[in-house]
Structures are given as C-alpha cells and as structure tokens.
Amino acid sequence: MIDRRGFCKKALLIAGGLAIPISALEIFDPKNLLAEKDDQGKVRWAFLVDTYNCVGCGFCVKACKVENEVPLDANVTRTWVERYILTRAGVPYIDSPKGARDGFTGKKISLGEEGVIEIRDEDISKAFFVPKLCNQCDNPPCVQVCPVGATYQTADGVVLVDRDWCIGCGYCIMGCPYGVRFFHPVYHVAEKCNFCYHRITKEMKSACVDACPFGARRIGNLRDPNDPVTKIIMSERVAVLKEEYGTKPQVFYLGLSREVR
Amino acid sequence: MKSHVWRPLYIVLGIIGLLLIGQLFLVPDDFGVWERGYMYGWHRKGNEADWKAFKVKYRTAAYCKDCHEDKYNDLRQSPHAAIMCENCHGPGLTHPEDPPTLTIERRRELCIRCHSRLPYQASGRGAIRGINPATHYPEAECVMCHYPHNPKREAKR
C-alpha cells in the first residue's frame, strides 16, 4: 500500500519528468548549435527597392499574380505598390487600388469607402511610389507562430509555406507586422511572396524584377560580395521597414521617407 | 495495490501509445528540424523541392530573341528598350507550343500605366512624357498612331 509521502514523491517525480521537453535535450547537439550560431550557407537572398525609380506602372504586380497563380481579380496580392501624396499642409494620402495591378493611371486618390479625392498639383509637396513585398525577415515572426511547421525558412533565407501542411489557422497572417500574408483564394492556405523561389533557384530573377522596366526592383545574394545588389546595400544609405520590431527584414529600400509605414 | 488505482494509468499509457503509432504513419519521414534550427527550420524538407518545381511562366526577352530577332532589335534601339516583351505580350510559357499565339495587350490601359501624366517629381514618374487619358483622343487606341516597339517611329498599320 502506497503512503501519502510516497505518493507525493512519485507524483512530483512524474510531473518533473514531464516538464522536461524533448527539445531541451536537443540543444546539446553541437551540429545544431553551430548551424544556429553561424550558418555557412553560400546564398542569402535579399531584395533592393529603389523608390526613386518606381513610376507606379504596376507591371510587377501583374507579373507576380500571373507567375504565382494568384487570381487577377481577387483582391489579394503577394506584392503591391503604394502611392504616397503629401500635401503642403502636411497631410499624407496613401492608396493602392487593387494593389496597383493596373498601375496608377490618374490623379484621383482612393480613400476606400469614403470614395476618391483629387489633390491639385500645386498643393502636392511630394509624391512617390513604394513597392511592398515579403521582407523574408531573418527573425520571421510568422514562422514562430505556426503551430504545425507549415511555414519555415530555408537555408538561403526565404520563408516558404507548405500548402499540404498548412491548416489555415491564420496565426501567421496576424503575426506578420508588414501585412504581406493572406489566404490563397483557391487553395485556402496561407500565401505570401517567396521571391519566386522556383525562379531564383534556377538562376533566374523574380518575376517582378524581370517585369520592372525601371530597375526599381532588384534581387541579389548577400553572401556574394561581388553581387551588384549586395554592393549597393553595403555602401549606400538603405533603410528597412519597421526596424523597431526586430524582425531583421531583408528587403532594403533606397529613398524611404518618414511617412512610409 | 488494487487494480482500480492502476487502471487509469494503463488507459493513459495506451492513449499515448496510440498517438505515437498514429504519428509514425501520419508524419512524413522528412519532417524535422533543418538548417535554420528548431524555431525557423521545423518543416517538411520535401516542400522545398515542391516549390522549386513550380512552373515558370515569364521566360524573359532572352527566350523571345531567337525567333523574333527583328522585333527584339527594334525594341533594343528605342526609348522602350527597358520594357520586357512579356509585359505587353503576356507570359511566354512554352510558346509557340503552348499557347501557339500569345494574347497581346493593345488597349490604352496598358500604355497609360506609365504615360498618364502624373507630375510627381519625387519619383521617376514626373520625368516620363505623358498625356491626360481623358482628353488625348479618348476614343482611339494608342497603337493607331504610335508604334510601340519604337515610339520614335510612325505607326506601322
């Protein structure tokens, strides 16, 4: 017969044993430790956006949607272009009708449900376009929150979504500070820009990079010091979006302005 | 000790055993912790190959050049040189097998992506020659007067 003391001892032992996660034992694998400390990969993809060159034609958005089979008429897109208009009074107007799939073809600014507004040319203090896409963060919060391991980072830094494994819980969509994730209207799983992983792994460039006539979008390998994109990122004044979140974004912007969020 | 004390324990152990057996069948062999560690690299390795096998649609000008050298050279010597063929002609896919003919975008909507005049000096758009689509021959297609492969020349048709 078990006495009270014995029962308490055994219960504590079992509870303590259950509290040790199996992953705690894995930390002591030196191979994993080394891989986490300084991964020796030869490729780390990074993106460079030159906002001075962007004219808001939207060819990148159209090419992206066709290349990656995101329905053209669905109001979701892996990449989009935002227009920023600042009036002389200091009021910012930001719009991106249909993600700029058809480009910016007029002066009317979409205010969503409040209709449109047109700013007179002489009232504009500055106006420019900012393309947005997945930042392929070094610390991707979207990957941390996935409960099933359906979204992950490859050795070359690209964050991918496993369509067969995604359960559609949407945590990653809420977790991304940049709002780049959405549900794919056909597959009903999380979807996002993956730098056209099928192209960059075939020595091609991302579809949006090829589609851009103005060189506003460029992709390169950060681990190659002779890569022209890497040279610009290392030597010019580049900025990233929402640096304060600590996500270490790998999409670098030339000519970013205070108003850009 | 009496068996009714141990019975719930056996049931719990049985359930754990069933879960482990189920996991053995349901989780693929290549599911595990890969290069980026437990936090970022916990995934099914085979999915990387799935994405790499995704079909390429846009083949870039290098693919068009061999058969359409005349058009390619026209374009290269024009102010439109930077525009990729497939931006207007649609994705090449495996043309000419599939599709045999591409769907060419000839509408005004294509041209005014850049040539609708927007005086935004902080971006490259301000430097592009443009028109007001509402007043510049609103009924006509651009290609009736302008040759898209080289806008410096007259329209061909």
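Analyst: Gladly, and we can begin with domains: their bounds come from an automatic or database domain assignment. In this case chain B is divided into domain 1 (30–57) and domain 2 (61–144), with 37 Å between the C-alpha centres of domain 1 of chain B and domain 2 of chain B. Please keep in mind that this is a predicted model, where local features need pLDDT of at least 70, side-chain atom pairs count only at pLDDT 80 or more, and totals for chains, interfaces and linings use all residues. Residues are numbered from 1 along each chain as its sequence is written, while chains are lettered from A and ligands numbered from 1 in the order in which they are written.

User: What is the secondary structure of chain B?

Analyst: Helices (H or I, at least four residues) and strands (E, at least two) are DSSP runs, numbered from the N terminus. Chain B has 7 helices and 2 strands, in the order α-β-α-β-α-α-α-α-α along the sequence.

User: How should I read the radius of gyration of chain B?

Analyst: It is taken over C-alpha atoms, and the globule rule is 2.2 Å times the number of residues to the power 0.38. For a compact globule of 157 residues the value would be near 15 Å, but chain B has 30 Å. The C-alpha trace of chain B spans about 100 × 40 × 30 Å along its principal axes. Chain A has a radius of gyration of 23 Å, well over the 18 Å that the rule gives for 261 residues, so chain A is more spread out than a compact globule.

User: Does helix α1 of chain B lie in the open or is it buried, and why?

Analyst: A residue is buried if 20 or more other C-beta atoms lie within 10 Å of its own, exposed if 12 or fewer, and partly exposed in between, with C-beta atoms placed from the backbone. Of the 24 residues of α1(B), the number buried is 0, so α1(B) lies largely in the open. The helix covers residues 3–26 and reaches 34 Å from its first C-alpha to its last; the expected span is 1.5 Å times one less than the number of residues, and α1 is close to the 34 Å expected. In chain B, 21% of the 157 residues count as buried; in chain A, 41% of the 261 residues do.

User: Where does N150(B) lie, and what is it in contact with?

Analyst: Two residues are in contact if their C-beta atoms, placed from the backbone, lie within 7 Å. N150(B) lies in the segment after α7 of chain B. Leaving aside neighbours within four places in sequence, N150(B) is in contact with D74(B), Q77(B), S78(B) and H80(B). N150(B) counts as partly exposed because it has 18 C-beta neighbours inside 10 Å.

User: How many residues does the contact between the chains take from each?

Analyst: The contact takes 40 residues from chain B and 52 residues from chain A. On the side of chain B that touches chain A, α2 (37–40), β2 (42–44), α3 (46–52) and α7 (108–115) of chain B each supply at least two residues. Ala, Val, Leu, Ile, Met, Phe, Trp, Tyr, Cys and Pro count as nonpolar, Asp, Glu, Lys and Arg as charged, and the others, Gly among them, as polar. By that scheme, this side of chain B divides into 22 nonpolar, 9 polar and 9 charged residues.
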